[in-house]
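Here are some friendly notes to read alongside the model. They cover ring contacts, strand pairing, the pocket and backbone angles.

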Amino acid sequence: ITTFRSLENGQEATVEGVVTVLPGVFGSQYFYIQDDDAGVQVYSYSKAFPELSIGDRVRVTGEKSSSRSETRIKTAEEADIEIIGHDELVTPIEVSAFAEEQEGMLVLVEGEVVERSSTEAILNESIEVVIKSGTGIESSSVFIVGTTVAVVGIVSQSDESYRVLPRDTDDVNTIDADDSAWIQPAQAASGRTLKTTDGGERETSRKNIFLVFFALAVAGIILGARHRLWRKHAQTTHPSTPVLDQSSKHGESESQKPTLPTQSEQHTPQ
């Protein structure tokens with residue numbers, strides 16, 4: 001692809017690369033491929049594409065052209081795109097700024113969101129993130145001013161400027177201050193958050209403590225009720241006999257002993 005990019009517009013060539021984004025995501029007439037060194041947009045005016053998947057390796061024959069300074073290979077018919085492999089992984093390269101050699105490639109950038117609109121966000125005052133309607137990304141929910149985000153996407157050129165195009169919601173992740181916890185907005189919305197910030201962990205801890213005390217309270221109520229039922233049942237089936245204390249029993253036994261008559265009483269005439 002690097003060699004193809006150096007050709008003059010109008011020259012024909014054949015390139016091979018791995019599909020990194022499908023037709024219809026950024027636009028209905030193009031998709032992107034890349035090899036180990038470079039990437040390029042594949043364009044079809046008639047939208048003549050075979051059934052493609054991310055990770056497909058394709059062989060593309062077409063004409064070198066450009067649109068708003070971005071290089072692309074323009075095909076004439078569906079047969080110009082041949083699928084020759086599947087399931088190849090493309091790892092984004094981490095960059096802090098964009099250049100011509102990164103155009104058409106999958107990259108990873110990080111930065112603080114300083115501006116945001118419905119169709120774009122600005123990171124670190126210099127990185128432009130463009131949100132295409134086909135990605136399903138809601139700018140207001142994933143690009144919050146003041147937060148730090150990591151964005152995976154394709155580097156695209158528009159006239160003299162470069163920008164990154166995320167492909168879907170999974171390409172945009174919020175990261176905390178120490179870069180150790182990532183929150184995927186799509187996962188958070190569905191209750192499948194992988195990690196949270198420190199504040200989120202504290203909130204979870206408080207909820208867990210409340211649940212523990214609540215469970216203990218419920219268990220105490222249940223055990224108390226069962227104990228009262230057991231005592232009631234025991235009193236019904238086995239009535240208890242009152243028990244006197246030892247002093248009372250002793251006093252009662254002493255009073256019940258027969259009293260012997262005194263000597264004077266024995267000689268008293270009847």
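1. A word on rings to begin with: rings of Phe, Tyr and Trp (its six-membered ring) pair if their centres lie within 6.5 Å, with planes under 30 degrees apart counted as stacked, over 60 as edge-to-face and the rest as tilted. By that rule, ring pairs join Phe26, Tyr30 and Tyr32 into a cluster.

2. Before going further, please keep in mind that this is a predicted model, where local features need pLDDT of at least 70, side-chain atom pairs count only at pLDDT 80 or more, and totals for chains, interfaces and linings use all residues. Residues are numbered from 1 along each chain as its sequence is written, and side-chain values use heavy atoms, leaving out hydrogens and water.

3. Three aromatic pairs turn up in a search of the whole structure. Tyrosine 30 and tyrosine 32 make an edge-to-face pair, 6.0 Å centre to centre with 85 degrees between the planes. Both tyrosine 30 and tyrosine 32 are buried (buried means under 20% relative accessible area, exposed over 50%, partly exposed in between, with a 1.4 Å probe and protein chains only).

4. Phenylalanine 31 and phenylalanine 49 are also edge-to-face, at 5.5 Å centre to centre and 85 degrees between the planes. This pair links distant parts of the chain, 18 residues apart: phenylalanine 31 is in strand S2, and phenylalanine 49 is in the loop between strand S3 (39–44) and S4. Phenylalanine 31 and phenylalanine 49 are both buried. Strands here (E, at least two residues) and helices (H or I, at least four) are DSSP runs, numbered from the N terminus.

5. Do look at S4 (residues 57–67), which pairs in the antiparallel sense with S1 (residues 12–21) over seven bridges; two strands pair if DSSP finds at least two bridges between them. Glutamate 16 stands opposite arginine 59 in S4. S4 also pairs in the antiparallel sense with S6 (residues 81–85) over four bridges, where glycine 85 is the bridge partner of arginine 57.

6. With S5 (residues 70–75), S4 has five bridges, again antiparallel, and lysine 64 has isoleucine 73 in S5 as its bridge partner. S4 and S5 form a hairpin with two residues between them. Arginine 68, in the turn, has a positive phi of about 50 degrees. At 54% relative accessibility, arginine 68 counts as exposed.

7. Asparagine 124 counts as partly exposed because its relative accessibility is 39%. Most residues other than glycine have a negative phi.

8. The largest pocket holds about 200 Å³ of space. Of its 13 lining residues, the closest to the centre are Gln41, Glu70, Ser156, Gln157 and Arg163. On a 1 Å grid over the protein atoms alone, a pocket is an open set of points where a 1.4 Å probe fits, with protein on both sides within 12 Å along at least five of seven lines, and lining residues have an atom within 4 Å of a point. The volume is the space filled by probe spheres set on the points.

9. S2 (30–34), S5, S11 (148–158) and S12 (161–165) each supply at least two residues of the lining of the largest pocket, and S11 gives the largest share, three residues.
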